Amino acid sequence: MNLEVLWRQQVGIGAEHLLLNIDGAIHADSLSVGEIEGTAYHIHYEIDCDANWNVQGVRVEDLLTHQLISLVRRHDGAWSDEEGGGLPELDGCTDVDIMFMPFTNTLPIRRLDLALGEEQEIAVVYIGLPRFSISRMDQRYTCLVRDEDGGRYRYESVKSGFTAELSVDTDGLVVDYPNIFTMDAKRRL
């Protein structure tokens, strides 16, 4: 299955255009443009997952500043940079969250496959923009609604206390991230 999705940023200005290939393994290829904190960004990222939505690698590049992050998650769950250098501070992180990129919420939603009312706390590799910082972040997802149209999940950043209720479609893609992003278009290719 191949999907094309377009999200519009609601804070500042910007958009994300995603090409998603789900054919056994999962490959996401996205281009995002806009501004954050008064700074323009032009981000290209790719995320690879196995068939169960376990992240295997992520590559993020700012095409304006040429900053680049390339990370690999090994079979034992440890993370390394593109040269193979270990990143022990990211041990235990299961997913990747790129600031202002709504697709990255799909990763834990699909991987966890939570039942109605179920919640799960996870650790993620958080990539902050526009500074291109990498850190570990604890997050919690709770399934609030599951139906034939998709569902609704509560996302919580454990440390900061930030909470949002995300509406998703039947593919687990964010339709509405209140006051941050909304899906404008989706089509199967």
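Author: Gladly! Let's begin with a cut-off: buried means under 20% relative accessible area, exposed means over 50%, and partly exposed lies in between. Please keep in mind that this is a predicted model.

Reader: Why is Arg140 called buried?

Author: Arg140 has a relative accessible area of 19%. Buried requires a value under 20%, so Arg140 is buried.

Reader: What makes the contact of Glu119 and Arg140 a salt bridge?

Author: The cut-off is a side-chain nitrogen of Lys or Arg within 4 Å of a carboxyl oxygen of Asp or Glu. For Glu119 and Arg140 the N to O distance is 3.7 Å, so the pair counts as a salt bridge. Glu119 lies in strand β9 (residues 119–128) and Arg140 in strand β10 (residues 133–147), so this pair ties together parts that are 21 residues apart in sequence.

Reader: Why is Glu119 called partly exposed?

Author: Its relative accessibility is 48%. Partly exposed is the range between buried, under 20%, and exposed, over 50%, so Glu119 falls into that class.

Reader: How do you know that Arg140 and Glu121 meet in a salt bridge?

Author: Here the N to O distance is 2.8 Å, and the cut-off is within 4 Å, so this pair qualifies too. The pair links distant parts of the chain, with Arg140 in strand β10 and Glu121 in strand β9, 19 residues apart. Glu121 is partly exposed, at 41% relative accessibility. Salt bridges that share partners join Glu119, Glu121, Arg140 and Glu156 into one network.

Reader: How many salt bridges does a search of the whole structure find?

Author: The search finds 13.

Reader: Is Thr142 buried or exposed, and how do you know?

Author: Thr142, which is in strand β10, has 5% relative accessibility. That is under 20%, so Thr142 counts as buried. Not counting residues up to four places away in sequence, Thr142 touches several residues, among them Glu119, Tyr153 and Glu156.

Note on methods
Residues are numbered from 1 along each chain as its sequence is written. This is a predicted model: local features need pLDDT of at least 70, side-chain atom pairs count only at pLDDT 80 or more; totals for chains, interfaces and linings use all residues. Side-chain values use heavy atoms; hydrogens and water are left out. Helices (H or I, at least four residues) and strands (E, at least two) are DSSP runs, numbered from the N terminus. Buried means under 20% relative accessible area, exposed over 50%, partly exposed in between (1.4 Å probe, protein chains only). Contact means heavy atoms within 4.5 Å.
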